[in-house]
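Subject: A structure for you to look through

Hello! Here is the structure I promised to pass on, with my notes on what turned up in it. Please open it next to this email and follow along.

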Amino acid sequence: MLVVYIVGARGSHAEYFYTLCQTLRPWNLGEINMQHGKQTDNGHASFASSNSPSDTDLSSRSRVLTRPELLGQIFGILAPSEDLSSDPPPTPNTSRGDDRATLASCARVCRAFHDLAIDALWATLDRTEPLLSLFTVDKLGNRHLPVGDVDAEWNVFKRYASRVRNLRLTGSNVGRSCIWIMLSSKSCGAPLLPNLRKLVAVKMAASDVAPVILLLASPIRELCLSFGTLKGQEDEPPSDDVLSRLVTVVFNEVVKGSPKELTHLSLLARFPLPAGCIPALAQCSSLQSLQLPEYTLLDGKHLRGLATLQSLRSISLAVGLGECTAAADTNVGTVWGQLNELCLTASPSDAATFVAAARPQALTTFHLTVPDPVTLNSLQECLGELVSHLPQSIRDLQLGIRNPPPTSEWTLSDVVHPFFGLRGLEEFACDLGACLPHLTDEDLAQVARAWPGLSRLDLLGSVKPRQESLAGLRRPTVHALAAFLRGCPGLRDLALPGLDTASFPPVHAVPVLDSALERFTLAYLPATGAAGRFDFAVVVDRVCPRLEKLTLLCAGHVEGGRGVVRFLQAMRAGREHGRIRLAQAATEGVVAPERSVPPLGDEPAER
């Protein structure tokens, strides 16, 4: 009898360990019967794998359970995600906390599990508290003074610190400066986290600069930096002299610490890097991904400073070239021909000049944000020139215009028509802020003809529009929507300002499509009342049979969207029940009786 207790596994982890035992069958483990143990008082589950093996089977099973490569993969599945872009959970009662509890329980099973489980447990930390809590401190006011056996605790710290691969540092370290000073003296210039590969330091305060500089001595490959909102600067880019000096100090440490190992560098909006610091990035010769804040506006001189980065595959930057700058003056085309992703913030004319100079022949993703007001004629002219320099390899295109021209006289095609020459697009998004253009049946037809391979189309953007701005817009009809989905059979995600639902067509006039659409977002749906929701649900059910999520964004229409979803759920449940009854009748050799279905009535009752 081999019994393995995993005390601490929660939620779906019991099923996971059952699946794990099933995967061990190829290693001659014989028949495995998983028995779930009783639920303990603290919510942990214990379970056992039982068998009656021979000595040979037991020996082979022991060898399997002590194979580091197999256990490493198992514990790697339970390890927290290496994505540290989001804030850590406020409480440990989350799935991430459950994963850590399960790994901690695995580490207590046996010596063979211990080191590998601890490695997975400490590989990714979304806060610095687990490291700092290894030291005994006495809190005096706002200060945490080390009071324990510092040498012994330092040895323990080194054992765990060597396991950390990914770290997120968020917020202020005020009060813990004494611990960081002690760590600095103990490290004697050596990397504090010798195997740290990814550091995310966001919302930093002035007190965080010293710990970040201390961590930058590690051989970091991925780095993300930004400062928090300072007092009085909630709505403006930080330009305070003190903050600018702090930014320069941190950036100098970045390019001085381990520039050759750095492959990904993201400097977010709250990291106002002076453009004069850009030439120092030439020391980061292995850089593959670079994100610069919009505050750092680059001209031709600064772009020439980036021309030595031959490994760049992705770059996000803001460009201000001016009218007198020619494409040849930027001198980046010789090395940026390998770019796969380009996110550009610039005027339409500067964007056209920059792309002509960069000549990104391998580009697959292009995002353009126009920050300044533009007229429709100048926008069309510059976008036409821009597209002439873009390669046909582009699959993902996003256009953002923060101050678009008034929408009273033009439609969506007037803006996106220049991009119709890019025939291979699979994703397109147009963000015009709170200003939405007219969208007609012909607009959708042109999009379907130009981009039949679309998988995502977003015409709403990031700003939730107001109802008064949507009521006067021209909207496509249901027939146009059905024709568009027929023309783009692979479309999975669609976001539109609205539909013309003044009069729904008869049910028999709406085609039944095998559309792949899974997510459908509308800002505005004029139809109100249960009858209008039911008619719309019938249309959606016929043209979008695989729809998983329907969203209405405009205030006052959210509940109407829920009503449509309830009708859709009822329709699909009825079809599923019908299939079950027919299958059961066919199995039993009985013909299901025909029953008349009572009409729903003009106004279906809502609960």
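Let's begin with helix H7 (residues 150-161): its 12 residues reach 15 Å from the first C-alpha to the last, close to the 16 Å expected at 1.5 Å a residue. That expected span is 1.5 Å times one less than the number of residues. Helices (H or I, at least four residues) and strands (E, at least two) are DSSP runs, numbered from the N terminus.

Before going further, a word on where the values come from. This is a predicted model, in which local features need pLDDT of at least 70 and side-chain atom pairs count only at pLDDT 80 or more, while totals for chains, interfaces and linings use all residues. Residues are numbered from 1 along each chain as its sequence is written, and side-chain values use heavy atoms, with hydrogens and water left out.

Back to H7. Its buried residues are Glu 153, Trp 154, Phe 157 and Ala 161. Here, buried means under 20% relative accessible area, exposed means over 50%, and partly exposed is in between (1.4 Å probe, protein chains only). Seen down the axis of H7, these buried residues fall within an arc of 105 degrees, so they line one face of the helix. The arc is that of the directions from the helix axis to the C-beta atoms. The buried residues of H7 pack against helix H6 (129-132) and helix H8 (177-187), where contact means heavy atoms within 4.5 Å.

Now try helix H10 (residues 241-257). At 1.5 Å a residue, its 17 residues should span 24 Å, and its end C-alpha atoms are 24 Å apart, which agrees. The buried residues in H10 are Leu 243, Ser 244, Leu 246, Val 247, Val 250, Phe 251, Val 254 and Val 255. Looking down the axis of H10, you find its buried residues within an arc of 165 degrees, so they line one face of the helix. On the other side of H10, Asp 241, Arg 245 and Lys 256 are exposed. And what covers the buried residues of H10? The cover includes helix H9 (209-215), E8 and E9.

**A run of parallel strands**

Two strands pair if DSSP finds at least two bridges between them. E7 (residues 198-204) is mostly covered, as six of its seven residues are buried.

From E7, five bridges lead on to E8, again in a parallel arrangement, and Ala 201 stands opposite Leu 225 in E8. E8 (residues 222-227) is then joined to E9 (residues 264-267) by four bridges, and these two run parallel. Cys 224 has Ser 266 in E9 as its bridge partner. Lastly, three bridges join E9 to E10 (residues 289-291), also running parallel, and Leu 265 stands opposite Leu 290 in E10.

**Aromatic rings**

How many aromatic pairs does the structure hold? There are eight. Rings of Phe, Tyr and Trp (its six-membered ring) pair if their centres lie within 6.5 Å; planes under 30 degrees apart count as stacked, over 60 as edge-to-face and the rest as tilted.

One of the pairs is Phe 75 with Phe 113, which is edge-to-face at 5.6 Å centre to centre, with 75 degrees between the planes. Phe 75 lies in helix H3 (residues 68-78) and Phe 113 in helix H5 (residues 111-123), so the pair ties together parts that are 38 residues apart in sequence. Phe 75 is buried at 2% relative accessible area, and Phe 113 is buried at 9%.

Another pair, Phe 227 with Phe 271, is stacked: 6.0 Å centre to centre and 25 degrees between the planes. Phe 227 lies in E8 and Phe 271 in the loop between E9 and E10, so this pair ties together parts that are 44 residues apart in sequence. Phe 227 is buried, at 3%, and Phe 271 counts as buried at 0%.

Finally, Phe 135, Trp 154 and Phe 157 form one aromatic cluster; Trp 154 and Phe 157 are among the buried residues of H7.

Enjoy exploring!
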